[in-house]
Amino acid sequence: MNIRPLLFLICFVLTVQKANADSFHREINHLLELTNLGAQFEYIANVQSKKIIRTYSSIVKMSGSTSLPLEIKQRIQKCYSEVYSWEKFSKGITKILAESFTQREINILIDFYSNLGLPPKDITNFKALIKKAKRIEEVSIQYIYENSESCVREDSRIINDFLNNRLVSRQTKLIPHE
């Protein structure tokens with residue numbers, strides 16, 4: 001029995017499956033581009049980091065009558081920008097979408113976000129897609145939580161160093177004698 005034709009067939013089937021999976025992921029990435037999800041993700045991360053910095057600033061102001069310098073705020077902002085950059089999460093989000101939607105569902109979403117409208121026969125399918133959104137959001141949030149670092153420890157260190165240096169500089173100032 002000649003095994004070569006069988007090996008060729010197995011290789012061919014595996015190659016076709018890989019090509020289909022790659023095509024599906026490309027379509028999901030196209031959908032992500034259409035929805036501008038990466039920019040939205042980074043915008044939300046930026047807004048959140050500004051709120052965190054504002055909270056830190058308020059705590060420092062209330063506890064020591066001083067303000068956080070711009071340099072410290074920028075260092076804190078940089079940490080959040082790096083830790084929550086879209087590039088760190090895009091592959092995982094793509095995988096979540098691939099596991100959550102069928103090829104047909106992705107195509108419906110691409111048509112919708114491309115402003116191509118939906119034929120009446122796809123409206124029921126589209127409504128079913130909308131029902132999946134909450135679960136996908138929950139899975140995505142869990143993924144982000146499990147795959148992100150924290151800036152809190154570094155933030156605390158930077159702020160404490162600032163406060164300690166400020167305290168030391170106050171204590172070491174010479175008091176003129178009259």
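1. Contacts along the chain. In the protein chain, take the contacts (heavy atoms within 4.5 Å) between residues at least 6 apart in sequence: 80% of them join residues at least 24 apart.

2. Basis of the note. This is a predicted model, in which local features need pLDDT of at least 70 and side-chain atom pairs count only at pLDDT 80 or more, while totals for chains, interfaces and linings use all residues. Residues are numbered from 1 along each chain as its sequence is written, and side-chain values use heavy atoms, with hydrogens and water left out.

3. Helices and surface. The protein chain has seven helices and zero strands; helices (H or I, at least four residues) and strands (E, at least two) are DSSP runs, numbered from the N terminus. Its accessible surface is about 13,100 Å², and carbon and sulfur atoms hold 59% of that. The areas come from the Shrake-Rupley method with a 1.4 Å probe, and for residues only the protein chains shown count as cover. Of the 178 residues, 26% are buried. Buried means under 20% relative accessible area, exposed over 50%, and partly exposed in between (1.4 Å probe, protein chains only).

4. Aromatic pairs. The whole structure holds seven aromatic pairs. Rings of Phe, Tyr and Trp (its six-membered ring) pair if their centres lie within 6.5 Å; planes under 30 degrees apart count as stacked, over 60 as edge-to-face and the rest as tilted. The ring centres of Tyr84 and Phe89 are 6.3 Å apart and their planes lie at 20°, so this pair is stacked. Phe89 is buried at 0% relative accessible area, whereas Tyr84 is partly exposed at 25%. Phe112 and Tyr113 make an edge-to-face pair, with 5.1 Å centre to centre and 85° between the planes.

5. Aromatic cluster. Tyr84 and Phe89 also belong to one aromatic cluster with Phe41, Tyr80, Trp86 and Tyr143.

6. Nonpolar patch. Phe112 lies in helix H5 (residues 103-113). With Leu34 and Tyr113, Phe112 forms a nonpolar surface patch of about 250 Å² of accessible area together. Phe112 is partly exposed at 35% relative accessibility, and Tyr113 is partly exposed at 40%.

7. Tyrosine 43. Tyr43 sits in helix H2 (residues 37-64) and is exposed, at 57% relative accessible area.

Conventions: Patches are made of residues with over 30% relative accessible area and no salt bridge: like charges are joined within 9 Å, nonpolar side chains (Val, Leu, Ile, Met, Phe, Trp, Tyr) within 5 Å. A salt bridge is a side-chain nitrogen of Lys or Arg within 4 Å of a carboxyl oxygen of Asp or Glu.
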